[in-house]
Amino acid sequence: MSEKTIQEEIQSIIPDLFPKLEPEFDWELVKNFYEFLKRDNEKGGFFSRNDSEKILERHIIESLVFVWKLKVTGFVSRETNVADVGTGPGLPGFLFALLKKAPHVFLVDSQKRKLALLETEIETGSLSKVKKRVDFIYARTEEISSNFDVVTSRAMVPYPYIAEVTTRMVKQKGILCPFLAQPYQDLEKETEVLSNNGFFMKKEIPIPELEFVGKRHIKILQKNSLPKKGFPRDWKEIVKETKSKNG
């Protein structure tokens, strides 16, 4: 019996959603990225032992759905410059480069251990087709000043402090799109952190399609003004506050 294609594997996990995803992505590239994650997982330390058995469900499918949601809701198009911070081996941001109508993608991580393996795969391996639409930035997020249209992040810095760490990267009227699990409860703190750093909550996008891995949603935070005086703060200050917040 022949092996399942990546499309068949994904369809067996999300049968109702897959027909919507199918026309959007280059599936040969999705397969090659999945193979790369499995092959180099140990070398790059991409996933915990528990997670490494669920790369398809927890990482590929989650990221595909995140990318698809931002595309179909009109927040990302071929003309968009997208930066994914704390991307590790390219999750979720590299999946934007696998869209048939892909934006320009900047993958940001201060550590080379994981991301440099993906860069090599793009330079000389099975993902070379995307070379012209992916750039790599090895730097700490809070040290980057840039003008990205969209900045994405999955679990790099606790929410809402991701808004403080990335505010210099997001252009005026640009958006920050954290990919989150549980709803954030402290609405007062959320409003304070967002407004101190120039953001307001434009929209929340629930992702009921991913309930088989747990609650997931995307916040669309628009940068409407420059941060208030004194923001963003030094990284040590932010860390201190996130630690006291999380006990």
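I started with Asp149, which is buried at a relative accessible area of 18% (buried is under 20%, exposed over 50%, partly exposed in between; 1.4 Å probe, protein chains only). This is a predicted model, where local features need pLDDT of at least 70, side-chain atom pairs count only at pLDDT 80 or more, and totals for chains, interfaces and linings use all residues. Numbering runs from 1 along each chain as its sequence is written, and side-chain values use heavy atoms, with hydrogens and water left out.

I then looked for the partner of Asp149 and found a salt bridge to Lys171, 2.6 Å from N to O (a side-chain nitrogen of Lys or Arg within 4 Å of a carboxyl oxygen of Asp or Glu). Asp149 sits in strand E4 (residues 148-154) and Lys171 in strand E5 (residues 170-180), so this pair ties together parts 22 residues apart in sequence. I took helices (H or I, at least four residues) and strands (E, at least two) as DSSP runs, numbered from the N terminus. Lys171 comes out partly exposed, at 31%.

Next I checked Lys219 and Glu190, whose side chains form a salt bridge at 3.3 Å, N to O. This one links distant parts of the chain, strand E7 (residues 217-223) and helix H8 (residues 187-196), with the two residues 29 apart. Lys219 and Glu190 are both buried.

I also noted a network: Glu164, Lys189, Glu192, Arg233 and Glu241 are joined through salt bridges that share partners.

Last, I looked within helix H3 (residues 27-44), where Lys38 and Glu35 lie 3 residues apart, about one turn. Their salt bridge is 3.9 Å, N to O. Lys38 is partly exposed at 40%, and Glu35 is partly exposed at 38%.

My tally is 19 salt bridges.
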